[in-house]
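Have the viewer open while you read.

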Amino acid sequence: LAQMFADNPDAVHEVDEQGFSMLHDLSLAGSYHGVDICLTHGADPNKPASNGLTPFALAKVFQWKRVMARLEKAGGS
């Protein structure tokens, strides 16, 4: 993932047809390391998907506490 963002820095900001970025997907999946990599490469922890949910809100659905803490450290809520 880090190599992908190094090769294509804009990829961290790309969204799918529902407005989900890689950060949204990894937050929902509870991937602490993936979330950390996205944030390190400039992903916006407060950007809502088209349904209005932020990465933090998605992590909260499954109570991914480490992911939630990492998103909060980056300014997410």
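What follows looks at one helix pair, the loop joining it, and a further helix in this predicted model.

Let's start with the pair. Two packed helices are described by the angle between their axes and the distance between the axes. For helix 2 and helix 3, the axes come within 8 Å and cross at roughly 155°. That is over 145°, the cut-off for roughly antiparallel, so helix 2 and helix 3 count as roughly antiparallel to each other. Their crossing is left-handed. On the helix 2 side, the contact uses Met22, Leu23, Leu26 and Ser27, which meet Gly34, Val35, Cys38 and Leu39 of helix 3. Sorted by type, the residues of this contact are six nonpolar, two polar and no charged.

Ser31 lies in the loop between helix 2 and helix 3. Ser31 is partly exposed, at 24% relative accessible area. Beyond its neighbours within four places in sequence, Ser31 touches Leu26 and Val67. Its C-alpha atom is 9.0 Å from that of Arg66, 35 residues away along the chain.

Now for helix 5, which spans residues 65-73.

| Side of helix 5 | Residues |
|---|---|
| Buried | Val67, Met68, Arg70, Leu71 |
| Exposed, turned away from the buried side | Lys65, Arg66, Lys73 |

Just after helix 5, Gly75 adopts a positive phi of about 100°.

Technical notes: Residues numbered from 1 in each chain as written. Predicted model: local features only at pLDDT ≥ 70, side-chain atom pairs only at ≥ 80, totals over all residues. Heavy atoms only, no water. Buried < 20%, exposed > 50% of the residue type's maximum accessible area, 1.4 Å probe, protein only. Helix = DSSP H or I, 4+ residues; strand = E, 2+ residues; numbered from the N terminus. Contact = heavy atoms within 4.5 Å. Axes fitted to C-alpha atoms, helices over the stretch in contact; angles between N-to-C directions. Parallel < 35°, antiparallel > 145°, perpendicular 65-115°, else oblique. Left-handed = near helix turned anticlockwise from the far one by under 90°. Nonpolar A, V, L, I, M, F, W, Y, C, P; charged D, E, K, R; others polar.
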